[in-house]
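Trainee: I am new to this structure, and I would like to learn how its labels are reached, step by step. Could we look at the charged side chains together?

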Amino acid sequence: MKADGQWVYLYLLIEFQSRVDPWMAVRMMVYVGLLYQDLIRRNEVLSDRKLPPVLPIVVYNGDAKWKAATDVAALIPKAPGLVANYLPKMSYLLIDENEYAPTDLAELKNLMAAVIRFGHPESEQVLLELIDRVNLMLDGNPELKRTFAIWMRAVLLRQSKGTLALPKVRDLKELKMTLAERFDTWAQQHEKKGEAKGEAILLQRQLIRRFGALPSAIVGQIAAATSAQLELWGDRVLEASTLDEVFRP
C-alpha cells in the first residue's frame, strides 16, 4: 500500500477467537507493540526510520455475542486535564462470523471470506475449492502462500483432534494435493466398509433362515469379520447342517 507518498508493507495481525475476551483490546495493543519491537530488532523498519502500518484484526466464531471493547481507550476511565492527553488509544477490527450467513460468504470474493469459510467448510469439495481460491488471490506472493498453507494445515489438524495425519507442506498446491489424496483414501475405505456391512447383513439373514435366531457371540463374530471370512461363511451356509459347521476353523 502507499502511505506518505511511499510504498510500504501493510502488516495484518490476525487473532482468532472462539470465546469473548473482555481484555482483547489490551492483548492486541501488546501484540502490535511486540511486532514493532521485533521489526526494529531485525532492522525491518522503513527507510526514514518509521514503522510500517499494522491492521489488527480479531476474527470471532463463538456463540455468545461479542461485547468486549474494540478500543483500549474504552477500558480506561476518562481522566481530567493533562493525564487525558497521554492515555493510550488503539482499536482493532472485529470480524464476527455470526454476522455472515454461509450463502453471503460464498458470494464474497475476498480473502477474509475465504478464511472464515475455511473454518466451517460445507464439504470436502468446498474445502479444496477454497484452497484454490486463496491460491489464486495470492498469485505472485509465494511467501504469503506458504504462510497460508502452514496456517490452513494447523487449522485442519486442530479441528480433526488427532484423527487427520497431514505432512508438512510448502505451499497451497501441495496442501490441496495432500488433502485430495486423503479424501480419496477415506472414500475408498468407507466404500469397502459399506460393502462389508452389506455382506454381513446378508449372511445373518441366510443363517437366521437356516438355523433360527443367532446367539449374540455369532452376531459379534460376523460384525468383526473380514470380507474374506464373510465370503467363506456364506459359501458354507449352502451345505452346512449346523452353525458349528459354518464357523468351523
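Mentor: Let us begin with what a helix is here: a DSSP run of H or I with at least four residues, numbered from the N terminus. In this predicted model, arginine 236 lies in helix H8, and aspartate 235 has its place in helix H8, residues 227-237.

Trainee: Why is arginine 236 said to have no salt bridge?

Mentor: A salt bridge needs a side-chain nitrogen of Lys or Arg within 4 Å of a carboxyl oxygen of Asp or Glu. For arginine 236, which is buried, the nearest side chain of opposite charge is that of aspartate 235, 8.1 Å away, and therefore no salt bridge is assigned.

Trainee: What is arginine 236 in contact with, leaving aside its neighbours within four places in sequence?

Mentor: Arginine 236 is in contact with Glu245, Val246, Phe247, Arg248 and Pro249.

Trainee: What makes the pair of aspartate 38 and arginine 42 a salt bridge?

Mentor: The closest N and O atoms of aspartate 38 and arginine 42 are 2.8 Å apart, and the cut-off is 4 Å, so the pair qualifies. Arginine 42 also meets glutamate 44 in a salt bridge at 2.9 Å, N to O, and Asp38, Arg41, Arg42 and Glu44 are linked in a network of salt bridges.

Trainee: How do you know whether glutamate 174 and arginine 170 are buried or exposed?

Mentor: Buried means under 20% relative accessible area and exposed means over 50%. Glutamate 174 has 19%, so it is buried, whereas arginine 170, at 63%, counts as exposed.

Definitions and conventions:
Residues numbered from 1 in each chain as written. Predicted model: local features only at pLDDT ≥ 70, side-chain atom pairs only at ≥ 80, totals over all residues. Heavy atoms only, no water. Helix = DSSP H or I, 4+ residues; strand = E, 2+ residues; numbered from the N terminus. Buried < 20%, exposed > 50% of the residue type's maximum accessible area, 1.4 Å probe, protein only. Lys, Arg positive; Asp, Glu negative; His and termini not counted. Contact = heavy atoms within 4.5 Å.
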